[in-house]
Amino acid sequence: MTEGEFTHFYRSSLMDCVTECLLSRHCQALSYNREVLHCFLHEYNNQTGLRDRNGYFFSDITSWPKFWLGPCLFSNCSTNEKCVLDEGVPSCVISECTELPVLANALIPYGHRGVNDTRTYQCDLGYKTDWDPVLRCGRDGQWEYHHPPCRIINCGNPTTFLHSVNNMTGTTFASSVTSLCDAGYTAGALSIERTCGADERWTNQTLECEIVSCNDTKDVLFIPNTARKMSSTTYGSAIEYNCVTGYNSTQKYFEKTCLADGNWSTNSLECIAICFIEEGYEYQSYSGLCLKYINERINHGSANSRCSAEGASLARIDSGRKHNDAVNFMKKNNANGFVHIQGSDRADNGDWRYDDGDRMRYTRWKKREWWEGFDEPNGWLLQYYVGYYTSDYRWYDENENEKGSYLCEKYRLI
Ligand SMILES: [Ca+2]
Ligand SMILES: [Ca+2]
């Protein structure tokens, strides 16, 4: 089929073919095959390829005399009619269909349009019908057809990949769907776009979203003076931090969380030493005491003043735990001789009190070293201060001239 051919017929003589072309108002040229008696009529005479049909004789209609038409020469037929002679009288009969119908979403290919010719139309790309739609040129010059609609292709809902969401423009031909990993999940390509094709399928990319992991190297996780508990380092996991022994914080509980971007939450736990380490105090983990040993031999009153001057007090040993810690601390510091601690019975001999006036209920007296009615006064001085002797780490009641090293106690309040 060559564009420009508008009709053809068989069992035709050359003269019939020429006459037919002369009768047809828009025929410009013809091709004729003598072997099979086949005639083509052309709308154009300059179309490339018209002359090349193998076995056909091509002729421009202007080369044929119009008087061949005889009585039809002066007929006034419409463009889709031809003149016929009935007993020498010319009349017009419909010979072809002209205007093609306009069909939505379909293409009607070029083809013959003579009476009884058929055309099969094609849905546009992305559309389809349930059967092959055919148009036939009727004897009335009108195209007859049943018109199954060309419906747009629908690919249905696309797959939703694990841990992702689909953002889509629709499910019909040329629609697209973008699949994007959920927050906290990631893939090689963070998103993919699929398209609904003419084959009624989505293009077949896949997205594998895997949970984000946060950096688990020690220097990233490290917070000074804390201990951490961690079970996982993936998105949403939490690390629990607690201050180590001897350190405290205003926060009772603290967590770092692995965020969707692969970083840990930035808040940090600040653990502060309970003892003034920088001033020489040391934390005693058994009792919680913050002790400092000062190896300078002075009397009890001076020792008390030295402790007070730095915001401390002489060590208050009011439990077995504190006693144990104090003893170990003195040993560690190589204490030797008398060591002052907090306590006095100066106001009322035999009634031992701390600096705040509370009665001392826990004691570690050396037997008969505090007043039992006959030891006091010991010699000629009233004894009313307490301290350890490192010979046996017992408490001794001593007078105010007794010189010794001393234990201060001080805490940082949070
Ligand atoms: Ca005493
Ligand atoms: Ca004594």
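Housekeeping. Residues count from 1 along each chain as its sequence is written, chains are lettered from A and ligands numbered from 1 in the order written. Since the model is predicted, local features need pLDDT of at least 70, side-chain atom pairs count only at pLDDT 80 or more, and totals for chains, interfaces and linings use all residues.

Start with α4, residues 320-332. Helices here are DSSP runs of H or I, at least four residues, and strands are runs of E, at least two, numbered from the N terminus. α4 has 13 residues and reaches 18 Å from first C-alpha to last, close to the expected 18 Å. That expectation is 1.5 Å times one less than the number of residues.

Which residues of α4 are buried? Lys 322, Asp 325, Ala 326 and Met 330. They sit on the same side of α4, because they cover an arc of only 135° around the axis. The arc is taken over directions from the helix axis to the C-beta atoms. Buried means 20 or more other C-beta atoms within 10 Å of the residue's own; exposed means 12 or fewer; partly exposed is in between; C-beta atoms are placed from the backbone.

The buried residues pack against β25, β27, β28 and β30, with contact meaning backbone-placed C-beta atoms within 7 Å. The face turned away carries exposed Gly 320, Lys 331 and Lys 332.

Now phi. Most residues other than glycine have a negative phi. Asn 334 lies in the loop between α4 and β27. With 10 C-beta neighbours inside 10 Å, Asn 334 counts as exposed.

Asn 116 also has a positive phi, about 80°. Its loop runs between β7 and β8. Asn 116 has 13 C-beta neighbours inside 10 Å, so Asn 116 counts as partly exposed.

Terms used. Two residues are in contact if their C-beta atoms, placed from the backbone, lie within 7 Å.
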